[in-house]
Amino acid sequence: MKIVAVIGAGTMGNGIAHTFAQNGFTVKLIDISEAALEKGMTAIFTNLERMQSKGSISAEDKMKTLSNIICYTDIEDGIVGVDLVIEAATENIDLKLRIFKKLNELCPHNTILATNTSSISISQIAAIVVHPERVIGMHFMNPVPLMPLVEVIRGSQTSDEVTKIIMTLSEKLDKNPVTVNDAPGFVANRILMPMINEAIETLHTKVAGVIEIDTVMKLGMGHPMGPLQLADFIGLDVCLSIMNVMYDGFKNPKYAPCPLLVNMVNAKKLGVKSGEGFYDYSENKKAEKVAKQFL
């Protein structure tokens, strides 16, 4: 397996593309617009520059990684000759089903189809695909190049062979894969998102402020990042989507999203990606010109 396609050049998609490319894979990065691809390549370049400045990669490694990525705005062109497709689009079930329906039409039946969904049922996605045993979840953590975990999610029909291939592949990316079964939120977000939601509820009910809540969790619980700051990095829209999936899946009020989270998403205060969430963020455009040459 040498050639992979990644659908979606957003935070997770460009991180996945970066990780595969840095480990010697040819990556076909697919998105619907040149602007989205440019933004994704800018993020990859900026992250590689940061790694180079810290001495973890060389300038040659950086340029080789960038040269391993080919950008496409047409999904039909982008998936030609690939062994694996990883869908990393927005956490929206209708969008993901449309993408997988298209992949089912275009890809040979031996192409492995993975989704980076953080909560949506793998079995539901696989149900629209011929040979659903080849559909699997590869839930990477953000930031993908640095975080060691890949949550490998087996749908109800995912084969042992496909699971073994994806586990081995994840290890080749220098990741630690863990297999879990299909359920709303899987393991990572079933535990994490209610905690984040409760932190937002604690802010909403004026028990404490943003800094105070995050400081308690960092100093008292040993978390490297407070839950509100983490929500900003994940994206508040993503947090809301995951909470909604779990609420719909379990029909339990404990998974109902906090009204403050809903209001912030409606106001487009999504965290790092929008420049404002529970904290303020400045946008870094440093590498745009360099990234363009790789489109």
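The model is predicted, so local features are given only at pLDDT of at least 70 and side-chain atom pairs only at pLDDT 80 or more, while totals for chains, interfaces and linings use all residues. Residues are numbered from 1 along each chain as its sequence is written, and side-chain values rest on heavy atoms, with hydrogens and water left out.

**The two annotated regions**

Select residues 4-182, where UniProt, in an unreviewed entry, places the feature "domain: 3-hydroxyacyl-CoA dehydrogenase NAD binding"; UniProt positions are in the numbering used here, feature names are shortened, and annotations may be inferred rather than shown by experiment. Over this span the chain is 43% helix and 22% strand, with the end C-alpha atoms 24 Å apart, where helices (H or I, at least four residues) and strands (E, at least two) are DSSP runs numbered from the N terminus.

Next select residues 185-281, listed by UniProt as "domain: 3-hydroxyacyl-CoA dehydrogenase C-terminal", also from an unreviewed entry. Here the span is 62% helix and 0% strand, and its end C-alpha atoms lie 28 Å apart.

**The nonpolar cores**

A nonpolar core is a set of buried Ala, Val, Leu, Ile, Met, Phe, Trp, Tyr and Cys residues joined through side-chain atoms within 4.5 Å, and buried means under 20% relative accessible area, with exposed over 50% and partly exposed in between (1.4 Å probe, protein chains only). Show Phe20, Val27, Leu29, Leu84, Phe140 and Ile166, which touch the most other members among the 36 residues of the largest core. Helix 2 (residues 34-53) supplies the largest share of this core, 6 residues. A second, separate core of 23 residues includes Ile213, Leu260, Leu270 and Phe278.

Now centre on Phe20 and, setting aside residues up to four places away in sequence, display its contacts (heavy atoms within 4.5 Å): they are Val4, Phe25, Val27, Leu84, Ile86, Phe140, Leu169 and Leu173.

**The aromatic pairs**

The structure holds 3 aromatic pairs, meaning rings of Phe, Tyr and Trp (its six-membered ring) with centres within 6.5 Å, and planes under 30 degrees apart count as stacked, over 60 as edge-to-face and the rest as tilted.

Then move to Phe233 and Tyr281, an edge-to-face pair with 6.1 Å from centre to centre and 85 degrees between the planes. This pair links distant parts of the chain, 48 residues apart, with Phe233 in helix 10 (residues 227-234) and Tyr281 in the loop between helix 12 (259-266) and helix 13 (288-292). Phe233 is partly exposed at 36% relative accessible area, and Tyr281 is partly exposed at 22%.

**Glu87**

Select Glu87 in strand 4 (residues 84-87), which counts as buried at 0% relative accessibility. Its side chain makes a polar contact with that of Lys96 at 2.4 Å; a polar contact is a pair of N or O atoms within 3.5 Å, where within protein one must be able to donate a hydrogen and the other to accept it, and residues adjacent in sequence count only if both atoms are side-chain atoms.

**The cysteines**

Finally, colour the cysteine sulfurs: with a disulfide defined as a pair of these atoms within 2.5 Å, the count comes to 0. The sulfur of Cys107 is 18 Å from the closest cysteine sulfur, in Cys71, which is too far for a bond. Cys239 is in no disulfide either, the nearest cysteine sulfur being that of Cys258 at 12 Å. Cys107 is buried at 5% relative accessible area, and Cys239 is buried at 1%.
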